[in-house]
Amino acid sequence: EYGIVRPKGYTVSYHATPEMEKHHFGQTHPMKPWRLTLTKSLVTAYGMPFAMDNYVTREATYEELNAFHSSDYLDYLSTAAPEDQPRDIENPDKEVKYNLGGSDCPLFHGLYNYCSMSAGCSLDAARKISSNQSDIAIAWGGGLHHAKRYEASGFCYINDIVLAILQLLRTFPRVLYIDIDVHHGDGVEEAFFSTDRVMTVSFHKYHPETFFPGTGALEDNGPKSENNPGAHHAINVPLQDGITDEQYEALFESIIGTINERYRPSAIALQCGADSLAGDRLGRFNLRVQGHGACVRYCKSLGLPMIVFGGGGYTPRNVARAWAYETSIAIGADTRIPETIPDHAPWREHFIHDTLFPTLEQSMNEPRHNRNSDKRLREIVAHVHEQLRFVSH
Ligand code: V1S
Ligand code: CA
Ligand code: ZN
């Protein structure tokens, strides 16, 4: 179908577990695991599974999660029940323990299974990359970048990215972590703060008082002490509402291109949070599916082994569009798949517009005002280049 064939000379693998998608955070919660089902159905409607190795992954074990998370936290996470959820109407954000049970990280039925499935996908992807059985491994069920060693944060309970990178570090000397979710990748940054074996780069909306999680300023580049190997190895690209494809692509290629030259990573871990798309329920950017996908295409062009993770994304139809398009980029079929969503795609009406590439006007009632001046973006690039002068391998 659509002439989609296995790519020549490299292998792409797709790691997922349908069980994960059946979990519910609660009626009003923005995180909808069902978006993974919608993504897979679009990938399948386009005939993409023929071009990949498809794995149904197992849950990560306690020992595997314990490679990053503390035992105290895991013990509580594995036993906490929805009944422990405080029902304090006056103060719905009052948490139980470890930041669990508030409105961001609720306790829901099957929570621990959901977390170990997400981590299972990402670890499976990492193992295929480490063993050189895949060149690009896709884990849309992962990408939960806010989780800390001993606490949940921002819809993330287990940091599958940190676990996957730890696996990559067994084989690769240096890993470049790139995060295009609209939120700051704080959990991953913090986990590798003191090492030069991982460089973390997050592009995000930065507005400390009003936008979650409030960290990720331009000047935050790792430990301040020059004796600490992690110094200069955290890169933050703070952005404002309404950034466009053109601005974002130019910024991304300039920054990632320079990092690739200076840092010489041996593998890439790319978090593709789709909440940076226009029309996202939580995000504030004006990116289209093409602009978001261009980041994946650019990373692929560097020719390094790569894991691509999911992450945020709160308008499920657009999440499915972006991740299906990015799957087509991974297998090199992006120029072959038709722009019109196939007639036989399940939930076709759910997409509202039948195109893979909605215009800004189709994505939202009124496009957001762009608050990113080209002058400010040039300053950001200059600052990042300045940091990279301290980095060489
Ligand atoms: N922005 C935002 C937002 N919205 C919610 C939310 C809304 C409705 C609910 F029923 C439950 C939660 N929480 C937030 C943010 C967390 C965003 C996490 C993004 C995760 C990711 O995409 O980066 C990766 C998967 N939380 C907050 O802003 C914190 C509060 C400060 C305000 C909102 N209340 C609900 C909690 C405390
Ligand atoms: Ca980000
Ligand atoms: Zn996000």
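Two residues are in contact here if their C-beta atoms, placed from the backbone, lie within 7 Å. This is a predicted model, in which local features need pLDDT of at least 70, side-chain atom pairs count only at pLDDT 80 or more, and totals for chains, interfaces and linings use all residues. For your selections, residues are numbered from 1 along each chain as its sequence is written, while chains are lettered from A and ligands numbered from 1 in the order in which they are written.

Stay zoomed out for a moment. The C-alpha trace spans about 50 × 50 × 45 Å along its principal axes. A compact globule of 393 residues would have a radius of gyration near 21 Å, and the 20 Å of the protein chain agrees with that; the radius is taken over C-alpha atoms, and the rule is 2.2 Å times the number of residues to the power 0.38. Colour by secondary structure and you get 11 helices and 8 strands, which are DSSP runs numbered from the N terminus (helices H or I, at least four residues; strands E, at least two). Of the 393 residues, 49% count as buried, with 20 or more other C-beta atoms within 10 Å of their own; 12 or fewer makes a residue exposed, and anything in between partly exposed, with C-beta atoms placed from the backbone.

Next, select 35–45, helix 1. Its buried residues are R35, L36, L38, T39, K40, L42 and V43. Just after helix 1, G47 takes a positive phi of about 80°.

From there, hop to P342, in the loop between helix 9 and helix 10. P342 has 18 other C-beta atoms within 10 Å, so it is partly exposed. Leaving aside neighbours within four places in sequence, P342 is in contact with A45 and Y46. P342 and Y46 sit 296 residues apart in sequence, yet 7.0 Å apart C-alpha to C-alpha.

Now try L360, in helix 10 (360–363). L360 is partly exposed too, because it has 17 C-beta neighbours inside 10 Å. Beyond four places in sequence, its contacts are A278, N286, R288 and P367. Draw a distance to A231 as well: 129 residues away in sequence, and 39 Å in space, C-alpha to C-alpha.

For a helix pair, select 245–263 (helix 7) and 374–388 (helix 11), whose axes come within 10 Å and cross at roughly 10°. That makes helix 7 roughly parallel to helix 11. Axes are lines fitted to C-alpha atoms, for helices over the stretch in contact, and angles run from 0 to 180 degrees between N-to-C directions; under 35 degrees is roughly parallel, over 145 roughly antiparallel, 65 to 115 roughly perpendicular, and the rest oblique. Helix 7 brings Q247, L251, S254, I255, T258, I259 and R262 to the contact, and helix 11 brings L377, V381, V384, H385 and L388.

Then click helix 5 (160–168): 8 of its 9 residues are buried, so it is largely enclosed by the rest of the structure.

Last stop, ligand 1. Of the 20 residues around it, T28, G154, H183, F212 and G312 come nearest; a residue is near if its C-beta atom, placed from the backbone, lies within 6 Å.
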